[in-house]
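Trainee: I would like a close look at one part of this model, with the terms spelled out as we go.

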Amino acid sequence: MKRLIILCDGMADYPVKSLGGRTPLMAARTPNMDRLAREGASGLFNTIPADLPAGSEVANLSVMGYDPRENFCQRGVLEAASLGVELSDSQLALRCNLIWAKDSKIASHSGGDLSHEAGAEIIRLLNDKLGGNGIRFYQGVHYRHLLVIDGGDSHIECRPPHDYIGKEIAALKVTARGERGEKTAGIINKLIADSAAVLAALPLNREKAAPGEKRPTLIWPWAAGEKPRMKTIKELTGLDGAVITAVDLIKGLGIYAGMKVIEVEGATGNSHTNYEGKAAAALEALKKYDYVYLHVEAADEASHDGDLALKIKVIEDLDSRLVAAILKGVEEAKTDIRIALLPDHPTPVETRIHVKDPVPVVLWGSGVTADAVLEYNEAEAGKGGLGLMDQKAFFNNFFGKNRS
Ligand SMILES: [Zn+2]
C-alpha cells in the first residue's frame, strides 16, 4: 500500500466573526476535502506537545512520523541540511539573519530581500572580516543565512529577532545556560557587535536610504543547534519516502529523515504556487516511493498576512487544484493508497501567529473505515471516529503499526 500525506501548512483556524462564526475552512467551498471526510475517518491531532514551541519544525516532525520530544531539531541545522552544508558532530549551526538595526533597537528582523549577488558579497565580506578560527558564514536566501561554529555549544539562549522588534539591542545579548555555554555566548555576542562596522562599509549602506527602507546593518544568529541523530523514515516505518515542499525547513527535515527531496518548478511557498505541478509531482513520486509527504505553505503565508479572503481562496485552490487532481490520479491508476489530509498547526488569520490547538485530520483510502462525518473542518473532525490523537496514535492509524 502507498501512503500520502497532504499537509496544508497553517490551514486550520478559529471561528471568525465576519464569517458568522465559521472558520475559513467552513466558509470555503471544498467538495473534494468533504468527499475525503464522507468516505474516510476523521479526528483531531495534537501535533505539538505543550513543552515545545508552536513551530512548523515541531509540527511537521510529528506528522512525518517522529516523536517531536525525542527528535526536535532547531531551524539552523534544518536549514543547513537544505543548503547542502554537512555538519560534523562537533559543530553548532545557527540561522543568521541580516537584520535592520536603527537607534540601537531592532527595526526589523529582516535587512531586506537581498539579491543572490548582494547576499554573496555580504557573506564573502563577513567571512573575510569575522570568519576563520572555526567560524564560517554560509549564504542562504534574502536576509536568511547560516553561521557555523566549530566546537560551539548549544547551551545558550538566543533571541529570535522577529519576537523583539522595537526592543533595545543591548538588552538582547546571547546568554549561557550554565557554564558550558559561556564561551559560545561570548563568541556570538562579539560577532554581532563586530558585524555593525563590517556591514556599515557596504556600498548600499553608504547610500542615503528612503525612510522605512530595510537594510542589512547587523547580523543576528539564533536557533542554535547540533546535528540531530534521527532514525530515517525507512528505519522508522520500513518505507522509502519522498518529500515535496518549497520550504527549506521541511526540506531539511526530509534530508535528515533520509527521504528524497523532490523539487517542483513554480513551487513558491505562497498563494501563487504551482498547485497542479505539486499534485503531478506527488502522483509521479508515488510510482517510485511508498510514502510521499506533500507540503504546501500557501495557507500559512495568507494567515501570517492576516488576509482572510486570500486564505479562503488558498483553501479553495488546495481543494480544486491539488486534492481533486490527486484523487483523479490515484483513481485512474487504481493505486492502493491511504491518504491523510491535515494542517501542521492552526495559524488563525486574526492573530497571525501559530497556535498549538489540535488540527483536523481525515484519513481516506485503503483499510480506512468511514465514520459519520460528512465535511472536513475543525468542528466536524472532532466528532470523527479517530478521536483526539497524540503523535503515537496518529502514527499508528496512518502507518497501521506501532512506532518502535
Ligand atoms: Zn507550519
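Trainee: How far apart do the C-alpha centres of domain 1 and domain 2 lie, and what can be said about the packing of helix α11 and helix α13?

Mentor: This is a predicted model, in which local features need pLDDT of at least 70 and side-chain atom pairs count only at pLDDT 80 or more, while totals for chains, interfaces and linings use all residues. Residues are numbered from 1 along each chain as its sequence is written, and side-chain values use heavy atoms, with hydrogens and water left out. The C-alpha centres of domain 1 and domain 2 lie 33 Å apart; domain 1 comprises 2–73 + 229–399 and domain 2 comprises 91–225, with bounds that come from an automatic or database domain assignment.

Turning to the helices (DSSP runs of H or I, at least four residues, numbered from the N terminus), α11 (residues 275–288) and α13 (residues 308–332) have axes that come within 9 Å and cross at roughly 30°. These axes are lines fitted to C-alpha atoms over the stretch in contact, with angles from 0 to 180 degrees between N-to-C directions. The two helices are therefore roughly parallel to each other, a term for angles under 35 degrees. Contact, meaning heavy atoms within 4.5 Å, involves Tyr-275, Glu-276, Lys-278, Ala-279 and Leu-283 of α11, which meet residues of α13 including Val-314, Asp-317, Leu-318, Arg-321 and Leu-322. By class, the contact has nine nonpolar, one polar and four charged residues, where Ala, Val, Leu, Ile, Met, Phe, Trp, Tyr, Cys and Pro count as nonpolar, Asp, Glu, Lys and Arg as charged, and the others, Gly among them, as polar.

How values were computed:
Parallel < 35°, antiparallel > 145°, perpendicular 65-115°, else oblique.
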